[in-house]
Amino acid sequence: MALLHSSLCSCCAFFLLAFTFLQAPRVHGRETESRYVVGVRSLLPSSVCSSPRDSNPSIMKVVHRHGPCSPLTPGRKPADVKLLNQDQARVNWLQRQISIASNGTRGSLAATIPANSGGSIGTGNYVVSVGFGTPKKDFTVIFDTGSDITWIQCKPCSDSNCYSQQEPLFDPSQSSTYCNISCSSPNCMKLDSPGCSAGRCRYEIEYGDNSQSMGFFGSDTLTLTPSDVLPNFLFGCGDQSKGLFGMAAGLLGLGRRPVSLVSQSSPKYGDVFSYCIPSTSSSPGYLTLGSGPLSNVQFTPLRTFSKLPSFYFLDLVAIKVGGKQLPISSKVFSTAGTVLDSGTVISRLPPSAYAALRLAFRKQMTRYKMAPRLSILDTCYDFTGYDTVTVPTVALVFGGGTTLNVDFSGILYVPSVSQACLAFAPNGDPRDFGIIGNAQQKRFNVVYDIPNMRIGFGANACS
């Protein structure tokens, strides 16, 4: 079993520290208390990583790329508005994929993607260091459940064709286990739209108008940990890449298609993986390949859209605020469906469902002064002068009765004490599918069990 630890960004507003509460929400059992009581000081993130980078060489950590535990050189913190706009760019891309698959056209959403927004990889929240080649060379890559192909930038690649990254480019000629994939190879046919150049297979992946990677498709040894090594791993060796990848070397795809890490490692790990996103930047979470402990995990059916087999769909059927179910028709959620996505930050809801959530939340927050909206977030509060604040619980109910009682750290996005915002946003069209973002998945053991067609949630799995 491969265990990868995770820590969130200390400089990104939605990552909160320790808090107190009336009763910790659980997936199982009776309804929980209706509110959290939180110390205001805990709303501000820490800049210290509590987990030493070399504490356990047999464990790979997954960390937020801007956080204090990141192996990438810290850069200037992007403005919160920019981060949220990038998150919206990713959502626009996801919605466009559904439109294309459903209608066979680009759909009206294509015109709504800002030309200057960068790529729809969005914030690219989490990175992990993995090894490619023999001898192994370590590279920091973004991991994403909404993508399939794994790729890194490779030599030769000019500055004009590739973006700047922290580590040196991968040189396939220096690896004794690297192999080219021929255009006639069955492995080349695993790509959605394979290309060919000088008899060698080429890949191309687009995340949005300004975010893409293309290059040769090859195979080499992928090292996750000293005990988790995958020979002959298929990946993209990019010679043309641009977009919002920061200083990361590439991307690790955790989708469901044949070229994904999940599918390629199926003989060893059985098409099962899980992760826990922590509530604080100073504590680790994890990402696990293979079946792990399932105690305290409740499952809901994993749905498949035949035209988009990579994504992880589930049935959102109801929302509760303060322990009370909102008066939302089930048809509101079933009209378009819902996808679980590790790369989207803020969950998106059908317009009428969000309106009901916002109304109920505001009714229980009247004691606090409202603050200006922040980009896509329109329900914000000023907690200046308070030692503690009381916030209603929010629960997402899925098919089969599985209830995800959102951790407090996933209810509010907090740029500052004077601007704490409800961490949900509405879709622009009732036909757009909902998205459960990573902010609302914090502290849950989120289990993707593909053979049994189910997704599980287990509360309080990490700090």
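I started at D144, which is buried at a relative accessible area of 2%. For my own reference, buried means under 20% relative accessible area, exposed means over 50%, and partly exposed is in between, with a 1.4 Å probe and protein chains only.

Ground rules before going on. I'm looking at a predicted model, where local features need pLDDT of at least 70 and side-chain atom pairs count only at pLDDT 80 or more, while totals for chains, interfaces and linings use all residues. Residues are numbered from 1 along each chain as its sequence is written, and side-chain values use heavy atoms, with hydrogens and water left out.

**Entry 1: the annotated pair**

I looked up where D144 sits and found it in strand β5 (residues 137-144). Strands here are DSSP runs of E with at least two residues, helices are runs of H or I with at least four, and both are numbered from the N terminus. The unreviewed UniProt entry puts its "active site" annotation on D144 and D341. The two are spread over 198 residues of sequence, yet they cluster in space, with a largest C-alpha distance of 8.0 Å.

**Entry 2: β17 and its partners**

How many residues of strand β17 are buried? I get 6 of its 7 residues (308-314), so I'd call the strand mostly covered, going by the under-20% cut-off. Strand β16 (residues 303-305) joins β17 through 2 bridges, running antiparallel. I count two strands as paired if DSSP finds at least two bridges between them. R303 stands opposite F313 in β17, and the hairpin from β16 to β17 goes through 2 residues. β17 also pairs with strand β20 (residues 338-340) in the antiparallel sense, over 3 bridges. There I found T338 of β20 as the bridge partner of L314.

**Entry 3: two open sheets**

Strand β18 (residues 316-321) meets β19 over 2 bridges, in the antiparallel sense, and K320 has Q325 in β19 as its bridge partner.

Another open sheet of 4 strands runs β22-β23-β28-β27, again with antiparallel pairing. β22 (369-371) and β27 (412-416) are the edges, each pairing on one side only. I get an average twist of 35° from one strand to the next. Between β27 and strand β28 (residues 419-422) there are 3 bridges, antiparallel, and S416 stands opposite Q419 in β28.

**Entry 4: helix α5**

Next I checked what lies across that sheet. α5 lies across β22, β23 (380-382), β27 and β28, at about 135° to β28. Contact here means heavy atoms within 4.5 Å. Axes are lines fitted to C-alpha atoms, for helices over the stretch in contact, and angles run from 0 to 180 degrees between N-to-C directions.

α5 (residues 351-363) has 13 residues and reaches 18 Å from its first C-alpha to its last, close to the 18 Å expected at 1.5 Å a residue. That expected span is 1.5 Å times one less than the number of residues.

Which residues of α5 are buried? My list has A353, Y354, A356, L357, A360 and F361. Seen down the axis of α5, the buried residues fall within an arc of 160°, so they line one face of the helix. The arc is taken from the directions from the helix axis to the C-beta atoms. On the face turned away from the buried side I found the exposed residues L359 and K363.

I then went through the cis peptide bonds. One joins T134 and P135, with omega about 0°, and P135 is in the loop between β4 (126-132) and β5. Another joins K155 and P156, with omega about -5°; P156 is in the loop between β6 (151-153) and β7 (179-180).

I also noted positive phi in residues other than glycine. R443 has phi near 75° and is found in the loop between β30 (434-436) and β31 (445-449). M453 has phi near 50° and is placed in the loop between β31 and β32 (454-458). Buried or partly exposed? R443 is buried, at a relative accessible area of 15%, whereas M453 counts as partly exposed at 34%.

Conventions:
UniProt positions are given in the numbering used here, feature names are shortened, and annotations may be inferred rather than shown by experiment.
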